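Here's a quick tour for anyone meeting this structure for the first time.

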Amino acid sequence: MTTVLGWLAGVGVVAGLVMGFGVAPREVTQGNVQRIMYVHVPAVWVAYLAFAVGLTASIAYLARRRPGTDRLAHAACEVGTVFLGINIATGAIWGKPTWGTWWTWDARLTSVAVVFVMFLAYLLLRGAIEDHERGARYAAVLGIVAALNIPLVHFSVYWWRTLHQPPSLLKPGASTMPPVILTALLVNFAALTLLGAYFVARRARVLAAEEEALA
Amino acid sequence: MIERRSKETLNALLFFSLALLLVFQFALGPDRERLASVLPGLLWLGFILSGVLGLGRAFLVERENDCWEALLLAPGDKSAIYLGKLVSSLALMALVEALMLGLFVVFFNVELGPALPGLALVIGLGTVGIAAVGTLFAAMTAQVRARELLFPVLLLPVLVPVLLGTVKATEALLLQEPLAAVAHWLKLLVAADVVYLAVGLLTFDVILEG
Amino acid sequence: MPDNWGFVAAAYAVTAGILAGYWRMLVRKERALTGLRSGTEAATGAGVRNDDTSRSRQPSRPGHPRPEPGKRTSLP
């Protein structure tokens, strides 16, 4: 199953690159540097999707205590952190030519940075607890707190400072984005989701092997 | 014994507040205006830092005296223990915050006046949030080897919304703005408190399973 | 506005780098674990204690379950 996912992800990535560089036009205001968005934006969507999976798996683990669910939570939160890191890095690289600065404390960047640090702390906790079962329980609790905190972080940071472009996808009414750009974003989103799912599956498999080896 | 520990902690935190005040003054220099503009942030920095110190010791007694197992084996709903620890932490933090606020008023010449009731509300809401997550995380890190490092690393990122909300609300209130102007921050703080308390109450016995 | 293709390339390269790095980490862990398993089989066959080479191939980051050093006995 993991291999199938891997190959699908590969196909998806190729499709995404084709859309991002071949099909999508040169953006009017920003120029071709806008093409970074085709990896930057889907990356954060995948990250939050992963954290949602992590939240669900954490709750499910506390309810049923199935080790497979715990491995899923761990893998999902880890992969989510990786994709959030990609989002931050590509955002900074995009920001330098367009905004003139690698970093600015505007609403979106700041809230992503906070969420990133929260889930880095999650991974730190995982590494710090030696007893496997206790680590799973504690990480589940932290995973729930961190995931539920995400909307609180977003609102607080957004109200604290608003310089970033308003999220055009979630604006009520018609999207202001030309449809071909939207399509390219969605194709890349699908590609990165498949890639993320592949990594989650593979990471969970490694976790299972680790458990077995040290049993 | 518990009293001795709490008094120890309280004394230490009181001196910590004083030390922090001096550090803020020296770090930010004599520029009156600059200090005035960052005062709300400094105040909450002081509250959160002393909170981290105090909460980090919340389960010290149990740890030091090998009573941890007693906690685990205690019959009944473990969330009662959570609430108990929470309330005692709140009391401790309230004392320290009152003192710190007093020191700020004296040393930085802050005009509290009509802002006080609103300020008390904001401080109350913020402190509940800090203590709610802090007590949960303190129990979580109590048995971990690197707890002094891990506890603040876990707590501080999670507390960002509380920090933002309280600082912004405090700022507005100290500028004599009405409470209605910070209604959205108050709602955020209440929402945060509800989430943190709910998770704390629901998951505390999971932490105390072993 | 200039095209800044250099930045576009940098962004995609960094993404590829991060993903490749993560993939390599997974492969390395998998290899260490299969190495450990076959190392165990060889050890039980030859009646030798866990030697240093197999232990050094352990993932260096604290993995998922991690027994304390004192508690470590020979693997099943």
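**Quick briefing**

To start with a meeting of two chains, 26 residues of chain A are in contact with 25 residues of chain B (contact means that the C-beta atoms of two residues, placed from the backbone, lie within 7 Å). Keep in mind that this is a predicted model, where local features need pLDDT of at least 70, side-chain atom pairs count only at pLDDT 80 or more, and totals for chains, interfaces and linings use all residues. Residues are numbered from 1 along each chain as its sequence is written, while chains are lettered from A and ligands numbered from 1 in the order in which they are written.

**Where chain A touches chain B**

- Helix 4 (107–128) and helix 5 (132–160) of chain A each bring at least two residues to the side that touches chain B; helices here are DSSP runs of H or I with at least four residues, strands are E runs of at least two, and both are numbered from the N terminus.
- Helix 5 of chain A has the largest share of that side, with 17 residues.
- By type, the side of chain A that touches chain B splits into 22 nonpolar, 2 polar and 2 charged residues (Ala, Val, Leu, Ile, Met, Phe, Trp, Tyr, Cys and Pro count as nonpolar, Asp, Glu, Lys and Arg as charged, and the others, Gly among them, as polar).

**Where chain A touches chain C**

- This contact takes 31 residues from chain A and 28 residues from chain C.
- On the chain A side, helix 3 (67–99) and helix 6 (179–213) are the elements that give two or more residues.
- Helix 3 of chain A gives the most, with 10 residues.
- The chain A residues that touch chain C come to 15 nonpolar, 9 polar and 7 charged.

**Chain A and chain C by themselves**

- Chain A has 6 helices and 0 strands, and chain C has 2 helices and 0 strands.
- The C-alpha trace of chain A spans about 60 × 40 × 30 Å along its principal axes.
- In chain A, buried residues make up 50% of the 215 residues, and in chain C they make up 14% of the 76 residues (buried means 20 or more other C-beta atoms within 10 Å of a residue's own, exposed means 12 or fewer, and partly exposed is in between, with C-beta atoms placed from the backbone).
- Of the contacts in chain A between residues at least 6 apart in sequence, 80% join residues at least 24 apart.

**The largest nonpolar core**

- There are 133 residues in the largest nonpolar core, and A76(A), L125(A) and V133(B) touch the most other members (a nonpolar core is a set of buried Ala, Val, Leu, Ile, Met, Phe, Trp, Tyr and Cys residues joined through C-beta atoms within 7 Å).
- Leaving out residues up to four places away in sequence, V133(B) touches V145(A), L155(B), V158(B), L159(B) and Y196(B).

**Spots to find**

- In helix 5 of chain B, the buried residues include Y82(B), L92(B), M100(B) and F104(B).
- Just after helix 5 of chain B, N109(B) takes a positive phi of about 55°.
- T56(A) sits in helix 2 (residues 37–64) of chain A, and T56(A) counts as partly exposed because it has 17 C-beta neighbours inside 10 Å.
- From C-alpha to C-alpha, T56(A) and P25(A) are 38 Å apart in space and 31 residues apart in sequence.
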